Amino acid sequence: MQRIRLRYTKRGRLRFTSHRDFQRAFERALRRAEVPMAYSAGFTPHPKVSYANAAPTGTGSEAEYLEIALTDARDPEKLRILLDESLPTGLDIIDAVEARTSGLADRLTASVWELRLDGVEPVDAGRAVEAFKAADLVEVQRRTKNGIRTFDARAAVVDLDSLDSLDSLDDPETHSPQADRPTDQPCAILRLVVRHVTPAVRPDDVLSGLRAVADLAPPVPAAVTRLAQGLFDEETGTVTDPLAPDREAAPALSTAEPAAAAKASAPVGPA
């Protein structure tokens with residue numbers, strides 16, 4: 001059985017698709033592309049697809065991940081192209097690797113988000129950001145199925161900056177050309193790096209925190225896009241590519257296989 005890991009996006013109007021909507025669209029794409037899927041056992045078999053930490057409905061993303069299991073081996077790049085052609089524009093498959101390591105979900109420990117605040121002056125957003133970062137505790141509330149829950153939105157935030165304060169606007173990790181861009185109206189762009197903790201701290205929780213500490217209230221809902229998702233590197237303060245270990249393992253395996261074959265075919269004992 002072969003396992004393939006895919007990176008996909010939610011862009012434009014497709015940001016409003018729910019996770020269940022994407023699941024249905026993706027399973028249709030698997031059938032259209034005639035992917036030799038492995039299925040679960042039982043009375044209602046389902047294709048073996050593992051989804052990891054999907055973005056909330058209404059947020060865009062450049063970094064969503066899933067894993068599929070195949071009964072027959074396929075070239076990851078050719079499979080990526082077939083699936084991408086079978087999905088609507090906006091739900092784009094942009095990367096594919098063969099799974100050669102374990103624990104993809106365990107490598108999704110942090111996210112980089114871009115928050116577009118239309119109608120907010122950057123200087124006002126900058127003051128609110130500084131107030132948020134200076135606070136030791138920022139309590140926010142969220143409605144859950146069990147009622148209103150209060151929790152700290154500050155501890156999970158690794159970094160929060162106004163884009164104007166960054167050294168480069170062209171950093172691919174912080175400024176994506178596919179992410180929603182500002183209009184000619186006043187607009188503040190924030191970059192947020194947040195750890196995946198329990199309870200999860202989402203971008204809208206951080207916006208609630210900005211409102212609590214600095215009375216920052218955008219006149220329209222913020223446009224939120226996840227730019228990256230992966231393992232947080234404590235030394236560099238960056239979020240790393242979760243598919244990199246699979247790519248790095250591929251050359252090592254391909255080098256080891258001929259050596260193993262040669263060893264197996266070598267004569268044993270004296271000639």
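Predicted model: local features only at pLDDT ≥ 70, side-chain atom pairs only at ≥ 80, totals over all residues.
The protein has 271 residues, of which 42% count as buried, and its secondary structure consists of five helices and eleven strands. Among contacts with a separation of 6 or more, 79% are between residues 24 or more positions apart.

The largest nonpolar core has 27 residues, and L115, L117, L160, L190, L192 and L210 are the ones that touch the most other members. At least two residues of this core come from each of strand 5 (110-118), helix 3 (122-134), strand 8 (157-162), strand 9 (187-195) and helix 4 (203-214).

| Salt bridge | N to O distance |
|---|---|
| E67 and R3 | 3.1 Å |
| R226 and E64 | 2.8 Å |
| D124 and R127 | 3.0 Å |

Because E67 lies in strand 3 (residues 60-70) and R3 in strand 1 (residues 2-10), their pairing ties together parts that are 64 residues apart in sequence. E67 is buried, with a relative accessible area of 14%, whereas R3 is partly exposed, at 30%. R226 in strand 10 (residues 223-233) and E64 in strand 3 are 162 residues apart, and both residues are buried.

D124 and R127, by contrast, are three residues apart in helix 3, so about one helical turn separates them; D124 is partly exposed, with a relative accessible area of 35%, and R127 is exposed, at 54%. Through shared partners, salt bridges also join R3, R5, E67, R107 and D246 into one network.

Terms used:
Residues numbered from 1 in each chain as written. Heavy atoms only, no water. Helix = DSSP H or I, 4+ residues; strand = E, 2+ residues; numbered from the N terminus. Buried < 20%, exposed > 50% of the residue type's maximum accessible area, 1.4 Å probe, protein only. Contact = heavy atoms within 4.5 Å. Core = buried A, V, L, I, M, F, W, Y, C linked by side-chain atoms within 4.5 Å. Salt bridge = Lys/Arg side-chain N within 4 Å of Asp/Glu carboxyl O.
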